[in-house]
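Reader: I'd like a close look at a single part of this one. Could you walk me through the charged pairs and whatever sits around them?

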Amino acid sequence: MRRIINSTYISLDGVIETPHHWPSSGPDGGKGEAVQTELLLSCDALIMGRRTYDGFAPVWPTRSGDPASDHINAMAKYVVSATLTDPEWTNTTVIDGDPVAAIEKLKGEPGENIVQYGFGQLTHALLEHGLLDEIRLWFHPLLVRQGGPQDLLFREGSLTRLELDTVTKLDSGIVILGYQVR
């Protein structure tokens, strides 16, 4: 059975929305990029919601020549959306039906791990149905102090127990906490 690993940037006040607009936490000597590349290269599929797709699809296809860019552009991508009909990003399949059933099937197929970036409705559905195996939270040393409930990690739902697996501190002050979902 393949594992689904979520990787999400989060501020200390719980904001997960638009991390690309946050100020830089400073240099980390390339360790953060190495951690992200290692995760990406251990996976052969990417699942995402429509909002993540809309953020990734215009950017990644313009990049090439490094292991992460080449891998993400070549790998199988699955986007959950009721409105996207003709994705332009290579190797992208739209899941327009029941996302839980489709991802459960995908998880049961042979292959490597599956990565998911961002933490939205799709992530909460995966948690509710026991399909998410690991969460890696990248805590950025800042308080965003803006946004509403939709911009926070929090959503109504049942209790989810996590077991701390890894702690990685970057020179920038970012701390990556890796949790196994129990």
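Author: A search of the whole structure turns up eight salt bridges, each being a side-chain nitrogen of Lys or Arg within 4 Å of a carboxyl oxygen of Asp or Glu. Bear in mind that this is a predicted model: local features need pLDDT of at least 70, side-chain atom pairs count only at pLDDT 80 or more, and totals for chains, interfaces and linings use all residues. Residues are numbered from 1 along each chain as its sequence is written, and side-chain values use heavy atoms, with hydrogens and water left out.

Take Asp44 and Arg2: their closest N and O atoms are 2.3 Å apart. Asp44 sits in strand S2 and Arg2 in the segment before S1, so this bridge ties together parts 42 residues apart in sequence. (Helices, H or I with at least four residues, and strands, E with at least two, are DSSP runs numbered from the N terminus.) Arg2 is buried at 6% relative accessibility, while Asp44 is partly exposed at 28%; buried means under 20% relative accessible area, exposed over 50%, and partly exposed in between, with a 1.4 Å probe and protein chains only.

Glu17 and Arg51 make another bridge, with 2.6 Å between the closest N and O atoms. Here Glu17 comes from the loop between S1 and helix H1 (31–41) and Arg51 from helix H2, so the pair links parts 34 residues apart in sequence. Glu17 is partly exposed at 24%, and Arg51 is exposed at 55%.

Then there's Lys105 with Glu109, at 3.7 Å from N to O. Lys105 is exposed at 59%; Glu109 is partly exposed at 31%.

Now for the network: salt bridges link Arg3, Glu134 and Arg136. Glu134 belongs to strand S6 (residues 134–140) and is buried, with a relative accessible area of 5%. Its side chain has a 2.9 Å polar contact with that of Arg3 and one of 3.5 Å with that of Gln180. A polar contact is a pair of N or O atoms within 3.5 Å; within protein, one must be able to donate a hydrogen and the other to accept it, and residues adjacent in sequence count only if both atoms are side-chain atoms. Setting aside neighbours within four places in sequence, Glu134 is in contact (heavy atoms within 4.5 Å) with residues including Ile4, Asn6 and Tyr179.
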